[in-house]
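Here are a few notes to read with the model open beside you. Take them one point at a time.

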Amino acid sequence: MSQPRPGHKPLSVAVAGLGTVGAGLLKLLSENADIVAARAGRPVTVGAVSARTRGRDRGVPLDGLRWYDDPVALAADPGTDVVVELIGGSDGPARALVEAAIAAGKPVVTANKALLAVHGAAIAELAEARGVPLAFEAAVAGGIPAIKGLREGLAGNRIRRVAGILNGTCNYILTVMREQGREFAEVLAEAQALGYAEADPSFDIDGIDAAHKLAILAALAFGRPVEFGAVHVEGIREVTALDIALAGELGYRIKLLGIASRDAAGISARVHPCMVPVAAPIARVDGVFNAVVAEGDFVGRVMLEGRGAGAGPTASAVAADLIDLARGRHTPVWGAASGALDAAPSVPMDRHCGAYYLRLMVLDRPGVIADVTGILRDEAISLESMLQRGRAPGEAVPVVLTTHDCEEAAMRAALARIAALDSVLEKPALIRVEPL
Ligand SMILES: NC(=O)c1ccc[n+]([C@@H]2O[C@H](COP(=O)([O-])OP(=O)(O)OC[C@H]3O[C@@H](n4cnc5c(N)ncnc54)[C@H](OP(=O)(O)O)[C@@H]3O)[C@@H](O)[C@H]2O)c1
């Protein structure tokens with residue numbers, strides 16, 4: 001590997017947050033210093049750091065680095081060229097630091113999807129106004145170069161749809177539920193014990209983390225400011241082992257997907273459990289792995305798969321951003337300057353059109369199916385298939401219906417009436433079918 005040219009000043013980095021990602025970044029910059037310097041054209045060195053607890057052993061040496069108790073003070077550190085924010089959270093010190101660094105004219109690298117999803121539109125405007133680069137490869141799908149792939153690699157395409165498995169915790173839980181035929185609560189508890197799920201798992205399992213990432217992907221794919229509030233979000237708490245098994249019988253796997261698409265009406269963005277055909281490449285992305293699929297008008301379909309979290313993969317993405325900055329490479333945050341961004345409206349979930357899987361627990365007695373299909377007919381929903389598992393006169397049996405494409409609003413109206421029938425015993429399960 002060629003050495004950086006002598007005389008090239010190192011890029012001096014300040015790192016706020018020395019947890020999983022921060023410590024991983026310091027390790028990468030130390031162990032791969034030679035190739036990073038060669039690719040960056042100059043050494044990339046850490047000069048200053050900040051975290052909450054100064055004495056904590058982080059598995060990486062901090063000797064000789066300037067320590068700040070207050071991360072926001074890093075923005076004013078005179079020896080710092082680039083500020084790396086790895087604290088997390090949509091507000092608080094992470095936001096204060098990013099805004100202070102931009103105001104001070106210092107390029108920022110962040111892995112913080114919550115911050116970008118919630119405040120990204122304003123922060124991007126600030127960065128553009130100050131002419132300061134803001135890089136965030138690590139914020140979506142960890143080690144997968146999804147941002148670069150979409151914003152730069154596919155820049156010549158009109159993107160029709162971008163979709164992905166964007167949360168490794170959910171994908172791990174759904175994979176174990178399928179492979180071992182176990183229920184959600186039990187697998188979640190085990191994932192927490194193994195360190196694959198947080199003590200408070202709601203951000204992951206309720207789909208919020210995936211929605212943060214989808215909001216960012218949608219902004220990049222369609223060239224418009226990020227709009228987290230427009231993402232429809234459902235998590236995986238209600239997915240059952242029974243539905244996963246029944247989906248398998250029908251030739252599908254259940255995945256938590258984030259999907260953003262564009263049509264004549266505008267842009268829709270949604271995160272929810274989906275049934276995807278077993279043969280679709282994304283159906284085979286299991287365990288903690290993430291994947292991002294993009295469809296462009298000239299390129300066709302592209303899929304990237306890899307590790308969406310963890311010290312190594314996330315540090316890999318942060319390092320790529322630092323190398324870009326060291327080389328002076330950067331693009332506008334959403335791919336185009338604010339004056340050239342798209343003003344397409346957001347399409348609400350009620351207007352979503354697609355196929356559905358509906359699983360009911362019904363009393364096995366005459367007339368029940370006629371009642372259910374009558375309601376679907378009233379709402380102009382046509383059935384594709386129906387499956388009744390076993391016979392148990394007078395007792396509850398599962399009945400599975402799949403529909404042809406219909407509008408979400410019609411399906412919701414039908415579902416409310418079906419759930420109110422005497423013979424329907426539990427809350428029906430509804431899963432959208434996605435032909436990915
Ligand atoms: N973990 C992943 O795999 C992953 C993947 C992609 C993106 N990300 C994103 O990367 C960011 C960091 O995640 P992480 O997993 O590394 O988090 P983490 O392990 O919880 O580390 C957070 C770090 O921030 C420090 N910190 C918290 N509050 C602070 C404050 N007020 N002042 C100074 N330092 C403070 C903590 O200090 P102490 O250590 O002293 O407590 C800790 O070092 C988040 O935005 C996350 O969403 C993480």
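1. Start with the lining of the largest cavity: its residues split into seven nonpolar, no polar and two charged. Here Ala, Val, Leu, Ile, Met, Phe, Trp, Tyr, Cys and Pro count as nonpolar, Asp, Glu, Lys and Arg as charged, and the others, Gly among them, as polar.

2. Before going on, a word on the ground rules. This is a predicted model, where local features need pLDDT of at least 70 and side-chain atom pairs count only at pLDDT 80 or more, while totals for chains, interfaces and linings use all residues. Residues are numbered from 1 along each chain as its sequence is written, and side-chain values use heavy atoms, with hydrogens and water left out.

3. Which residues line the largest cavity? Look for Ala215, Ala218, Ala219, Arg224, Val226, Glu227, Ala230, Val231 and Ala269. A lining residue has an atom within 4 Å of a cavity point, and a cavity is a set of points on a 1 Å grid over the protein atoms alone where a 1.4 Å probe fits but cannot get out. Helix α9 (residues 208–222) gives the most to this lining, with three residues; helices are DSSP runs (H or I, at least four residues), numbered from the N terminus.

4. The largest cavity holds about 40 Å³ of space. Its volume is the space filled by probe spheres set on the points, with grid points joined across faces, edges and corners.

5. Now for Tyr172, which is buried at 11% relative accessible area, and Tyr196, which is partly exposed at 41%. Buried means under 20%, exposed over 50%, and partly exposed in between (1.4 Å probe, protein chains only).

Notes. 1 Å grid on protein atoms, 1.4 Å probe; cavity = no way out; pocket = protein on both sides within 12 Å on 5 of 7 lines; lining within 4 Å. Helix = DSSP H or I, 4+ residues; strand = E, 2+ residues; numbered from the N terminus.
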